[in-house]
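Here is a set of questions on how some labels for this structure are reached. Each answer sets a value against its cut-off.

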Amino acid sequence: IRDRRSFDGAKASLEDILELTDELILRRSTGSGPCIFICLGHQLAAASHVRLIKRAVREVANLECLPLDPQGTALRSLKSVCQRIAAVGDSLPVVKDGEVVARGWHDTAFAVARNENFEVGTRRLLPYARRLPAEHIPVELHDTHALVADDLEGVIDTMIALERELRIEMFHGDEVNEEAALFANWAFKLLHDTIVPMRYELAVSSLSWLLNLPYAIEILSQTQVDDTTWTEVSTTCIYYKDWETHTIRRSFTSQFHPELMADIRAIGNREGPRYAELKENDGVRLLVRLLYHGMQE
């Protein structure tokens with residue numbers, strides 16, 4: 001996702017696409033449907049999470065006062081939390097096969113990097129599991145993710161648990177980094193929990209957009225590329241918590257294409273799938289379930 005892309009002859013820079021993704025992530029509300037970010041969209045969403053957290057840290061650091069916080073108590077608390085987030089982001093490396101591929105959240109490969117090996121073909125979708133050793137990842141990032149996973153239901157994880165097995169079609173060379181996903185989840189939840197008692201002060205300030213940030217991000221599944229390589233973040237659920245009712249809304253991201261059949265190499269050269277084929281396809285059934293649950297919220 002580091003290159004310029006061309007869509008229908010109209011060129012859009014990576015920055016243009018990421019700005020659009022930022023806005024999509026910030027626009028999940030009671031009046032919106034869910035976003036489902038697929039393949040490149042999955043990677044763009046991961047990059048946008050980090051961008052939005054950086055923006056929050058930067059704008060909080062530059063703000064001198066909040067209109068309804070004359071003593072500055074709320075702002076000092078928020079600044080302290082953002083300094084902590086920045087410190088972890090600056091020091092968190094991304095490691096693959098023992099090699100550091102990104103040194104902190106300012107590295108262009110922090111959110112998305114080249115997978116150790118290309119992943120092409122039918123894969124079994126497996127529940128996300130913490131892989132050891134991973135001493136370079138702060139334990140609080142793992143602990144926060146475990147808390148979110150225990151407390152919330154991301155649809156995909158439930159379907160994996162209920163089905164005998166789910167098989168999907170993978171073809172990608174880049175992947176979302178586990179470190180970045182765990183970091184974004186931790187930072188979003190920390191920001192949310194800090195904002196709860198000061199949300200009315202923020203609502204009338206230039207930081208009001210922080211109220212639209214996700215509550216948390218859960219890694220739901222992973223796939224095994226080969227004997228030693230994994231795509232650790234194959235799907236995620238982006239959770240939003242209503243500030244007053246505490247109702248949870250969800251959007252989803254997926255590295256694989258749930259809408260495609262196993263004969264992806266023949267796409268464009270085959271007839272459209274029949275209903276019976278769609279009904280038996282794991283990816284299609286998963287996509288329909290995501291749409292259904294999202295529209296109920």
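Q: Which residues is H192 in contact with, leaving aside its neighbours within four places in sequence?
A: In this predicted model, H192 touches Y215, K241 and W243. Each of these has heavy atoms within 4.5 Å of H192. H192 itself lies in helix α6.

Q: What makes α3 roughly antiparallel to α6?
A: The axes of α3 (residues 73–91) and α6 (residues 178–195) cross at roughly 175° and come within 10 Å. Angles over 145 degrees count as roughly antiparallel, so the label applies to α3 and α6.

Q: Which residues make the contact of α3 with α6?
A: On α3 they are S77, L78, V81, C82, R84, I85, V88 and G89. On α6 they are F183, W186, A187, L190, L191, T194 and I195. By class, the residues of this contact comprise 11 nonpolar, 3 polar and 1 charged.

Q: Why do β3 and β7 count as edges of the sheet?
A: The open sheet has 5 strands in the order β3-β11-β10-β9-β7, and its pairing is mixed. β3 (36–38) and β7 (126–127) each have a single partner strand, so one side of each has no neighbour in the sheet.

Q: How do you know that β7 pairs with β9?
A: Pairing takes at least two bridges, and 2 bridges join β7 to β9 (residues 216–224). The two strands run antiparallel, and P127 is opposite S221 in β9.

Q: Which helices pack on the sheet, and at what angles to β9?
A: Helix α4 (residues 139–151) touches β9 and β10 (230–241), and its direction makes about 95° with that of β9. Helix α6 also touches β9 and β10, with an angle of about 165° to β9.

Q: How many disulfides are there, and how do you know that C65 is in none?
A: The count is 0. A disulfide needs two cysteine sulfur atoms within 2.5 Å, whereas the nearest cysteine sulfur to C65, that of C82, is 16 Å away. For C237 the nearest is that of C35, at 12 Å, and C237 is in no disulfide.

Conventions
Residues numbered from 1 in each chain as written. Predicted model: local features only at pLDDT ≥ 70, side-chain atom pairs only at ≥ 80, totals over all residues. Heavy atoms only, no water. Axes fitted to C-alpha atoms, helices over the stretch in contact; angles between N-to-C directions. Helix = DSSP H or I, 4+ residues; strand = E, 2+ residues; numbered from the N terminus. Parallel < 35°, antiparallel > 145°, perpendicular 65-115°, else oblique. Nonpolar A, V, L, I, M, F, W, Y, C, P; charged D, E, K, R; others polar.
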